[in-house]
Number of protein chains: 2
Amino acid sequence: MNVYNLIFGKPLTSSSESLEQLAISSGIPVFGLDALTSAAYGPEAALTLLIPLGVASAFYIIPISLSIIVLLGIVFFSYRQTIAAYPSGGGSYIVASANLGMYPGLLAASALMIDYVLTAAVGISAGVGALVSAVPSLLPHTLSICLGILVLITVLNLRGLRSVGIAFMVPTYLFIVTLLGALGWGVVKAIAAGGRPTAVVAPPQVAVGGAVATAGVWLLLQSFASGCTAMTGVEAVSNGVRAFREPTARTAQRTLTVIIGILMLMLAGIAYLTRAYHIVAAPPGKAGYQSVLSMIVAAVAGRGLFYYVTIGCVLVVLALSANTAFADFPRLCHAISRDGFLPYPFAVRGRRLVYTQGVFALAILAGALLIAFRGVTDRLIPLYAIGAFLAFTLSQAGMVQHWRRNKSTRGWKSSMVINGLGALATGITTVVVLVAKFVEGAWITALLIPALLLLMLGVHRKLNRAARAVATKAPVDLAGEPPLVIVPVQIWNRVTQNALRLAMRLSDEVEVVHVHSEDDPPLVDDEWRELVVKPAQKAHIPVPKLVTLKSPYRYVVSPIVDHVLEVERKNHGRQIALVVPELVANHWYDFLLHNNRAEMLKALVLLKGNRRIAIINVPWYLREK
Amino acid sequence: MNVYNLIFGKPLTSSSESLEQLAISSGIPVFGLDALTSAAYGPEAALTLLIPLGVASAFYIIPISLSIIVLLGIVFFSYRQTIAAYPSGGGSYIVASANLGMYPGLLAASALMIDYVLTAAVGISAGVGALVSAVPSLLPHTLSICLGILVLITVLNLRGLRSVGIAFMVPTYLFIVTLLGALGWGVVKAIAAGGRPTAVVAPPQVAVGGAVATAGVWLLLQSFASGCTAMTGVEAVSNGVRAFREPTARTAQRTLTVIIGILMLMLAGIAYLTRAYHIVAAPPGKAGYQSVLSMIVAAVAGRGLFYYVTIGCVLVVLALSANTAFADFPRLCHAISRDGFLPYPFAVRGRRLVYTQGVFALAILAGALLIAFRGVTDRLIPLYAIGAFLAFTLSQAGMVQHWRRNKSTRGWKSSMVINGLGALATGITTVVVLVAKFVEGAWITALLIPALLLLMLGVHRKLNRAARAVATKAPVDLAGEPPLVIVPVQIWNRVTQNALRLAMRLSDEVEVVHVHSEDDPPLVDDEWRELVVKPAQKAHIPVPKLVTLKSPYRYVVSPIVDHVLEVERKNHGRQIALVVPELVANHWYDFLLHNNRAEMLKALVLLKGNRRIAIINVPWYLREK
């Protein structure tokens, strides 16, 4: 148990919950990583679509980034309001089901769950992908490294949230400081140079005019949609409000503000410097590929130590961004399970106050996804972001409904407008992303979301049916005959002696069953009289009835089972208890040495029995502790 | 069950044993295949070693074959005597342990068991090897075909011996008739031609003089030793006497006579024709390889339909010769298990009166061997035959001792001389085979035999210790306080209601345990009074005691286990019964839906408990049958 505690930490009492809760400083690494790291791929994704425009792309990134920042602002205000309105956790599932009904709520939940699995898989594979392109000799081990990181993140999360916050704090803040530093330094240099700075290391030159002279609306829309991947992860904080320190809602709001503020600064800085240095994205997968962030940092600071630290931090936090999914997915499962749409164990907090089952489920699903796609990010990306935007849309539509119902709230109209705008913008984005990526793999997500929805409805139906079937407010029923106890005795030894002793002390009506076949020795009458009849008479206890069963096929277990079922049929409504004497060996592998009739008997009676047949397992340990 | 019966046959009653027993005609395919098919590889193995002598090898095969036939005669008379002396089964294990003691007996058993596993693996791989050299496109599927045949033979043996006898009768007799026919026809032709017949298809020519002019003693000894593989399988009948029809000993003796007679005829015919046609073995594994048997049949009858039928039969019966191991290995395990050196299940006859566990064990071991050696005969051969000859030696040494102890038997002296000669000859052969093949793989067998011996001794020690530990002739002890019954109740429903009902009917002292943690609802006092206290008072039954346990770590199962252990400690010597209410779902996969506390509780109490703690499992089936 010591190794176990070393890896997973000692168990925590329920009352230490507050100690496990997050401040702003530890909340940012836990819930903000996904959002913040999307600065590393969002603008890049938008610029990649603009490559056909050549250097003109650097012009268009300004309005696109501005729209994303504005949209981010709308989403920020919306979620700020959501946190206030749902201080015990206001994820899309809760907001959508509370305001729009069960089906939209479950739709949002399915979308979000699938997106979280993708977040975990994409984060890890992107980080490992970057590592592997830096150290090509690791390429054949891509999948193993991915799975290794997955296991590491899983163990950290099983230890609890604060452990994660502490472990991730250093790389997260190093990432924020170095990247914001690089961007700020660049902006200062650019302004000092009148908007025309000289690059320390110039970005690769491309033809001045692209293949397309001016940008079409569809191209810009696509670019905007791709850039919107910068917004994934924003949802996380509102879903995990309860993980924050008191006052939870206020702490969560502040954390959200800091995260989104930093993200906006990063997006704005990247857009400005892209324009200032005339940076054009490189087509991914081609030789000499370099990321936009790498070009910017090199242009601002050159390829010195600072460059490598900054880019190194980007790689590390990308891999760790998978953790956002681990912080949120189990909480989401908990909420769904509490409403009866997922099995009960998802609702239970484990020894470290974590929703253990959810962590396991996410680890298994993300691992399966990584294995299925061999850990290659490019194959996973088309499945990604659809779920998040669908959930955004439903959540904000839910908030619109929320304001319509709460017209007494001050400023409900403007709030509703903000949420309505957000819902409209994210709704359009959802459709654009789905259409643009459909053939490449978005169809998989489009199939998985309703499949998961149907699964949850099925679980709900089953759980409901089971709950109805066992529910009762009736008191215990003590009428009827006392139970009849049946004891199989093949050979007289301490095992059967101990079992019969218990049986005779529990019930006045005991039946001893002996199966007689050519391969087993018979129970002799003399023995029976000496071993059982006389002691019973002496103790003034009713003498058990001896029943001998014939076994032409040499079976021992099934004649006993058949006999018990027959006795139950003949004694209608009466409770029957079958005693199963069991020799418990010293080691698990000793089961190979003995006949395992006791285990077979227990399993078979449980399989074939009914509500009136109980199984009394009387163990006899070879070595007594 | 219908498919099951179709594959494995309907169960057989013990009284139908005699119907399952073998006549001479069905005994030959069951116990004789291994011995008879060794005619296909024994002489060939001897001739292969003589290749350096060139055409002179055909001269030396006559004395070598004669010695083998003489040795076979000695062994035959020895086993004939053994069958008479041990009519209930006189395998090497029984004869050696009865006359030489436990350790020699177990040594013979280990040797024989390992040789049987090799017989199964070699037989199948040799047959498949021949098939594959005829149809080279099957080469990549060697292992799959081997395992397929293994499964087929296993299923046939699980159906019972007679099924095997009938299934194998046609190929066995076709093999005997065609091969003896070819040999007889050849001998007649040769005698008619004055000992110098003309071959229909001439065997491949080799240089008249070999690399070595005259044969050294060591070479002839090696050749003799290799040729002795023709004797493997002779043991089978004496080990399986009980499988024969009444009068068992007589039927077994006659079967042995027929098998050895045919084998001798085959060996003599092959030797004579090898000499007459000046046949020299081809080096195996070289291009254009052809077996000696193939050369002889082609020389006698040409390459017509008869040739192909004969050679085809050889291939089929080689593959089926694995079956001899299946007929004998389980019987050997049965005998060892009866003496307590193998786990009890090996001693039990299954539904078809077969020692099922032995069949499974052999199938698994032979399958593992085939997989480990990729189904290639050449790699298996060096491990083979050592076990058989070691067992021969021990068995015949045992018979020598037998005659010394039974000096009243008529002709004990001559019998002892025969057995002594046999023991000496087979003993020398064992040493020669071990030395000649040691580096190629015989060392594996030399390690496996003592390892198996040690394993059996370990099993014996463990079983003995367990038997002593549980043995008692004391009557049931009914003194002391009546048992205390503990019922965990987390929530009041039909499951717990039904369990508490049984508990209160079984014992006057019932304790209801409720684990209270923040995640579980409490059991309210009012409820308790209405549901339990009032009905108990009304029925004049003692009211159960309600115990509430605190669970700071939110565990439910382990506080109950700890409580039970504590109650047991406090009530020294008293029997405790823990009631485990269990909801049994409709489908096995439903276990994912529910908390599986009942299963965990049962397992944990069994693991941590002691002899005084019984487990009363009270199932509540969601759907009642």
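B:His278 counts as partly exposed at 47% relative accessibility. Here buried means under 20% relative accessible area, exposed over 50%, and partly exposed in between, with a 1.4 Å probe and protein chains only. This is a predicted model, where local features need pLDDT of at least 70, side-chain atom pairs count only at pLDDT 80 or more, and totals for chains, interfaces and linings use all residues. Residues are numbered from 1 along each chain as its sequence is written, chains are lettered from A in the order in which they are written, and side-chain values use heavy atoms, without hydrogens and water.

**Backbone features**

B:His278 sits in the loop between H10 and H11 of chain B. Helices (H or I, at least four residues) and strands (E, at least two) are DSSP runs, numbered from the N terminus. Phi is positive at B:His278, a residue other than glycine. B:His540 also has a positive phi and is not a glycine. B:His540 is exposed, with a relative accessible area of 74%.

| Residue | Phi | Loop |
|---|---|---|
| B:His540 | about 55 degrees | between H19 (525–538) and S3 (545–550) of chain B |

A cis peptide bond joins A:Glu246 and A:Pro247, with omega about -10 degrees. A:Pro247 lies in the loop between H9 (236–239) and H10 (248–276) of chain A. In chain B, the bond from B:Glu246 to B:Pro247 is cis, with omega near -10 degrees.

**Helices of chain A**

H16(A) covers residues 386–405.

The axes of H8(A) (217–227) and H17(A) (412–470) come within 9 Å and cross at roughly 100 degrees. The two helices are therefore roughly perpendicular (65 to 115 degrees). Contact means heavy atoms within 4.5 Å. On the H8(A) side, the contact includes A:Trp218 and A:Phe224; on the H17(A) side, it includes A:Thr429 and A:Val432.

**Buried residues**

B:Val300, in helix H11 (292–301) of chain B, is buried at 1% relative accessibility. Among the residues it touches, not counting those up to four places away in sequence, are B:Trp185, B:Leu273 and B:Tyr277. Its C-alpha is 7.7 Å from that of B:Val201, 99 residues apart along the chain.

The whole structure has zero disulfides (cysteine sulfur atoms within 2.5 Å). For A:Cys313, the nearest cysteine sulfur is that of A:Cys146, 20 Å away. A:Cys313 is buried, at 8% relative accessible area.

Technical notes:
The expected span of a helix is 1.5 Å times one less than its number of residues. Axes are lines fitted to C-alpha atoms, for helices over the stretch in contact, and angles run from 0 to 180 degrees between N-to-C directions. Angles under 35 degrees count as roughly parallel, over 145 as roughly antiparallel, 65 to 115 as roughly perpendicular and the rest as oblique.
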